[in-house]
Each structure stands twice: as structure tokens, then as C-alpha cells.
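The tour goes from one selection to the next.

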Amino acid sequence: MTSEALTVGEVAAWMDEHFPPELQEEWDRVGLICGDRSDPVTRILLAVDPTEPVVNEALDWGADLVITHHPLFLRGTSFVSADTAKGRVVHRLIRAHAALFNAHTNADAATGGVAETLAEAAGLDPKTWRPLEPNSAHPELGIGRVGELPESTTVEALANRLAELLPESPAGLLVAGDPEREAKVVAVSGGSGQSLLEAARAAKADVFVTADLRHHPALDFLEEDGAPALIVPSHWASEWVWLPRLAAALELWAGERGVALETRISKVVSEPWDAYIPTLTSDNVEL
Ligand SMILES: [Zn+2]
């Protein structure tokens, strides 16, 4: 037992152990975005996006580390001045001696990551699931999961189950396909899963749960034989599900180490959208 606080470096090493950086996609950026590995950590705020409101919330609470799913800078940048929102994020964190760490596609791919948490939320039997897009070096891991429900259900019942488990968000949940269709084999991928549409069909999924599907690819896909029904939560909500699980795992680890650690899930709904207004309310429009 020790009463010493964890350090940024120790938390970063724990994250890398559970969500190995080598599982990240080639284009991705994961790891310690800013911060000093020797600084102490007693409060960690977890969020999907490292936006200004998230960082303000973290620092108002007294967090010394923010862990997000998405990177702050995915592409190279030449400026981190406080002229931009991303620059202000860096400035505010450094002034507060706080750190920012992210685990993105490595967290999608790993055991206990985003895809597996979404697969659990959908009710899939862990003994049956496998990656939708296996990692080339670690084929037992990878992006998305496809597996079986212990008992068949319907697309509608599965959508309702997910609606109860996902966080409240303006975008809600969209469904494509016959609501009465049997759902036994289910594919899931947190975030944008458009590139995995064909993989979901090839895996003979009855339903594919993923976000950010564009009009033409989704419409063309649904017109072809063997296309799974689609359940489409918001990008944010589909990845948010991982945060409570990560918070619990971090607290368990700190407890085993005998160090004080508080975690909190950000209350910021970092979707681009702020309001949902149904459009079938006008008498002037007849379809
Ligand atoms: Zn994402």
C-alpha cells in the first residue's frame, strides 16, 4: 500500500497496456497529447472529444488529466496559439498543469474497448463475437465486432434496448429496415462504420449498429440482397458507452494500488447538434 498519487506517466502506461498503441490505424494519433509524465494524477475526466467545453469542465472540477477517445490534432498543425479553440485547449491545460491523453482506434480494437462495450450493450454473447475488420498483426482483435445474441429478437426490440442504454443526445437513434425482422447475428462498430457496411453483410449480420452513414452509400447498400438492417446512433453516443467502463477499470486499478483516484464522465454532449425537431408536423407537406 502506498498513499502516493499516480503520475501521468503511470496512467499513460496503464492505458497503453490495455489499449496497445500498435492496434491503432495507420492514419491515427493516440497517446499523451500534452502533459508532463511526472505530474501527479488524482482526478481524471473522461470524454469522447477534447473540446473547449470539456476541458473547461475538467479544470473547473480540478482534474489533472483528461482522457478522450478522439485526438485533439489528427493532422499536423503549425500553430497552437490561443487564437483557435484547439490552441486554447492546449494553453488552458498547460497553465493548469493538467494533461490530455487519448485512445482512439486502439481503444476501438482492444479487448474491453469501444467495440466490445457496444457489443455488450447490444447483448451479444462474448463467446461468439469476433472483429468485423481484424487487425493484421492481431487478428483476434480489430475494428467492430460481430456475434450472436443468446436469443433471437427483432430489429425493433434491439433498437429499443440500445435506446435505453445509450446516453441521451439530440440525434437519437435511426433505424433502417423491417422492424419485425429477426435479429440474431449482430454487427457493431462505434463511430463512423460506413467503410464496414460490406463486412457486416459478408458476416451475415441481420443488423449492423453503427454511426455516421451517408445518404447514398446507405441507400445503395440497403437495396442489395443480404443487407443487414441498420441501427444508427449518433457517433458521440456510440463511443460514449465505453467511458463508464473505462472509469470503472481505472478506479479498480487505483484501488488495488492503494492510491486515491477520482474519475468523472464529462457531462458535455459533444455532438455537433443541439436540437432535434421532428419534421412531420406540417399540414402543408404531403408525402
Ligand atoms: Zn469516433
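Predicted model: local features only at pLDDT ≥ 70, side-chain atom pairs only at ≥ 80, totals over all residues.

Next, select helix α9, residues 235–240. His 235 and Glu 239 are about one helical turn apart there, because four residues separate them in this helix. His 235 is partly exposed, at 22% relative accessible area, whereas Glu 239 is buried, at 3%.

Move to His 70, in the loop between β5 and α3. His 70 is buried, with a relative accessible area of 13%. Show the side chain of Asp 49 as well: a polar contact of 2.6 Å links it to the side chain of His 70. Other contacts of His 70 include Val 48, Pro 50 and Asn 102.

Now select His 69, which is in the loop between β5 (65–68) and α3 (85–95). His 69 is buried, with 0% relative accessible area. Among the residues it touches are Asp 108, Glu 239 and Trp 242.

Finally, select the residues that an unreviewed UniProt entry lists under "binding site": His 69, His 70, Asp 108, His 235 and Glu 239. They span 171 residues in sequence, but no two of their C-alpha atoms are more than 12.9 Å apart, so they gather at one spot. Of these residues, His 70 and His 235 are included in the lining of the largest pocket.

Key. Residues numbered from 1 in each chain as written. Heavy atoms only, no water. Helix = DSSP H or I, 4+ residues; strand = E, 2+ residues; numbered from the N terminus. Buried < 20%, exposed > 50% of the residue type's maximum accessible area, 1.4 Å probe, protein only. UniProt positions renumbered as here; feature names shortened; annotations may be inferred. 1 Å grid on protein atoms, 1.4 Å probe; cavity = no way out; pocket = protein on both sides within 12 Å on 5 of 7 lines; lining within 4 Å. Contact = heavy atoms within 4.5 Å. Polar contact = N/O pair within 3.5 Å; in protein donor to acceptor, adjacent residues only side chain to side chain. Lists of a residue's contacts leave out its neighbours within four places in sequence.
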